[in-house]
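I opened a new page for this structure. My plan is to look up its parts, then how they touch.

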Amino acid sequence: MKALVLHLGLLAVLLALHFVLPAYHHGNLARIMVLASFAMGYNILFGYTGLLSLGHALFFAAGMYGMGLSVQHLGLSAGPALLLGVLSGAVVSGALALLALRTSGVAFMIVTLMFAQAGYLTILHFSEWTRGDEGFVLALAGRMAWGVDLSDPNARYIAALMLFGICLMLSLWLVRAPFGRVLVAIRENEERVRMLGYDTFAHKLAALTISGTMAAAAGAAYGILFGYVGASFAAVQYSILPLLYVLLGGAGTVLGPFIGTLFMFYLIDLSSGITTAYMLIAGIALVLLTLFAPQGIMGELRRRLWKGLP
Amino acid sequence: MLLSVKGLSKRFDGLHAVKSVDLDLPEGEIRALIGPNGAGKTTLVGMISGRITASAGSVIFDGEDITRLPAHRRIARGMAYTFQITSVFARLSVAENVGLAARRHLHGAKARKAVAEALDRVGLGARAEQEAGDLAYGHQRLLELAMGIVQHPRLLILDEPTQGLSEGEIEAFQSLIRNLAQETTILLIEHNMRVVMALADRITVLDAGRVLAEGTPEEIHANAAVQAAYLGGGDAQTG
Amino acid sequence: MDLGPYLVLATLEGAVTAAVLALTAVGLSLVFGVMRVVNIAHGEFFMLGAVLAWWIATSVGGHPAFGFGAALIMAPLIVGALAMAADMTILKRLDYDPERTIVATIGLLYIIQQLTLMGYGPEARPVEAPFNTRLAIPWFEHGLEGWQMIWPWGLGTTSYKLAVIGAAVVILCGVWAVMARTRLGLVMRATQADREMALAFGIPVERVYAITFGLGAGLAALAAVLIVPIQQAHYLMGADPLLLSFIVVIIGGLGSLPGTVLAAVLIGLSDGIISVFFSPTLAKIIATLLVALVLVFRPQGLFGKRAA
């Protein structure tokens, strides 16, 4: 109950901010909410199931290109295109899961990294369709959903908030449902879960597919809301970013991905005023977090203050 | 027969750990599996529960051949397995540990009730909200047992459940098992011969991967071969 | 040019790639084998070697051979020392936990890469080769007057490229000698076989780890110094060697040095030849998919034996 109030409260605050934030931060927050949805998808696999993927850019890009290509070449509008993006994310993550889940630990990390790299290169290779490295600006038709122009900052913010709200409540529900608690148990001790009679492979398959689909939804929404589809979103950096967000905010906490994205976004935003080498901040943060705060912000909070924090 | 094992064998690269073991376990029995270290006991129950794939032979459970089923499907058919090396979920609460075991077949309020009952039965009712990793070793063993009980298994496999328990805890454990035996069949790997003699209806002795002898506790006690191979060893007296 | 001479050329270029790749991958394989950790920053140590080589070579005046010679000695030592420092300050504190080490070395990757961008800039800069004589290669063709020797235009290599291949062979033999014949190698192999046992026998495992990590990074830097007269130094040049080393180490069997060298030769040569027929992107797609599938279906590598 307390947890439900907390998470709904965050959504209410974000809605209130819509009316008061200055334009610059208003735009930033919309972007942060979409990226946080990506991170929440990542968190289901990494934080709750204990599987460290280095290939989530593949799912983000599957959503983005599933959406973008259907706008560009099939002339769909934003609604159906978004659905196609989500669907392609589900297919790609399900297929990858069937292969990658035959491995575990370090091999799983490398396999996901390699498949994502192959996906990135594939986008570059079919450049007559994808426009390769350069990418393409989304046609305005693809940014219209049921008569609403999603390129308008206000509509964009509300759309981002809706996506974020759905992902947040879905995560909250999932991790407290019996299914999510089996995932946590798999993270803690997979062999024991298997010997309690659970099909751990099926659970991990479902977790990876849900995780990838959520990442794809974020990718598709990112393309629609900010109007650009490009191969850089499929590059390895976009696999590292959600990991960074989740580590910073607290793996295995529902709010962690949002907190981590918020902090990291502004950290990079502030430092990019000083230097072009802003990924330096990301690197330093990764090292410091693994060394000194592997629990992240919300993880520390849970340890010190609120044991039942989901 | 609830469980029937025929010609079960396991070879690890070059090592023949279990050699063509036959074993029949009728419903309602407490069967003890004893033998010196390295006799293949854990490997044998591993093959029965599906943790380890058999090199040859078959496992019949409740009239059906389950040799090719993966572990989780066997468990779902009514086996429960408690680990020799305690492997509770250390960072989850005691109740959640048992809850995970219960929720495979029960849901909602029914699951919560079953968890509370199982915890009361092993005497951990007051510690339900504690983190499992904070429990004393003996209590962790009891938690393992509660995780087995709550599944209401038809066959409960216990791998050295009294290892590391104090005298008093062993007493309590024995009465708990006697009590459980009224509702389930128990396959017990045990080193402590006093526990074995007190609990088992029948005993199977394993030595170097083979069945050396099988019989009632009295018969086993009188068996010269067992005396020589096993009961004569220091292991049995101290165990 | 006909296909025949073209293939000879591709093989020669491939042999240079293979030579450099073998050195880089052996470094990665050594770290994985002995320490059981995956170093994602390995490509950045390679890049650092190239950038340092440029810096040293331009600082030292006189004949290009002086600058290059200085770089060949100093760059690997500096990179090795940096890697040892990173091992002792970061990896040791993580207790070499495999997953956390990967995350930390990803962080290290960005730190090294971005600091290089800040200090060295985004330009690509060349280092002059110490010697660079063009060598033409003859070809035999059946013409009107029977077999005759011709000199196809464009079929040739340089003395420097041949020297790179030779140097790589010598260095690899050196690595083998260290591993097989010296006390350090013995201690490293003992640590690889059983860390706990090594500790029990009083082997200073932590120091062995630091030296191994430094040696691995130093080999990558050495490979980069060798290649930098052919390829320019650039702050993003670490990505390809990292990817290729991964491919080599995985296909060769994780932690196996002979497998790694064999795979490097195979990949290096085929990279040259495949790119004759396919676009480089398609070749890379095939290679990455191959690695992923090898890990999924044959985790012991194509040449490795299944571990007991």
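This is a predicted model: local features need pLDDT of at least 70, side-chain atom pairs count only at pLDDT 80 or more; totals for chains, interfaces and linings use all residues.

**Entry 1: the parts of chain B.** Chain B splits into domain 1 (3-78 + 154-238) and domain 2 (90-152). I took the centres of domain 1 and domain 2 of chain B over C-alpha atoms and got 24 Å between them. Domain 1 of chain B puts 17 residues into the contact, and domain 2 of chain B puts in 11 residues.

**Entry 2: between the two domains.** I looked up the buried area next. Domain 1 and domain 2 of chain B bury about 1100 Å² between them, and carbon and sulfur atoms give 59% of that. How many salt bridges are there between domain 1 of chain B and domain 2 of chain B? The count is one salt bridge. I found B:Glu183 in a salt bridge with B:Arg121, with the closest N and O atoms 2.9 Å apart.

Which elements of domain 1 of chain B give two or more residues to the side that touches domain 2 of chain B? I listed helix 2 (71-76), strand 7 (155-159) and helix 6 (167-180) of chain B. Helix 6 of chain B gives the most, with five residues. By class, I get nine nonpolar, three polar and five charged residues on this side of domain 1.

**Entry 3: chain A against chain B.** I moved on to the chains. Here 18 residues of chain A are in contact with 22 residues of chain B. The buried area is about 1900 Å², with 57% from carbon and sulfur atoms. A:Arg192, A:Met195 and A:Leu196 supply 37% of the area that chain A buries against chain B, more than any other three residues.

I then checked charges. The interface of chain A and chain B has four salt bridges. One I looked up joins the side chains of A:Glu191 and B:Arg51, at 2.7 Å, N to O. Eight residue pairs are in polar contact across the interface of chain A and chain B. On the chain A side, helix 8 (178-188) and helix 9 (190-194) each give two or more residues. Helix 8 of chain A has the largest share, seven residues.

**Entry 4: record against model.** UniProt, in an unreviewed entry, places a transmembrane region at several spans of chain A, including 106-126 and 274-294. I find residues 106-126 of chain A 95% helix, with end C-alpha atoms 31 Å apart. Residues 274-294 of chain A are 67% helix, and their end C-alpha atoms lie 28 Å apart.

Methods
Residues are numbered from 1 along each chain as its sequence is written. Chains are lettered from A and ligands numbered from 1 in the order in which they are written. Side-chain values use heavy atoms; hydrogens and water are left out. Contact means heavy atoms within 4.5 Å. Buried area is the accessible area (1.4 Å probe) that two parts lose on being put together, summed over both. A polar contact is a pair of N or O atoms within 3.5 Å; within protein, one must be able to donate a hydrogen and the other to accept it, and residues adjacent in sequence count only if both atoms are side-chain atoms. Helices (H or I, at least four residues) and strands (E, at least two) are DSSP runs, numbered from the N terminus. UniProt positions are given in the numbering used here, feature names are shortened, and annotations may be inferred rather than shown by experiment. Domain bounds come from an automatic or database domain assignment. Ala, Val, Leu, Ile, Met, Phe, Trp, Tyr, Cys and Pro count as nonpolar, Asp, Glu, Lys and Arg as charged, and the others, Gly among them, as polar.
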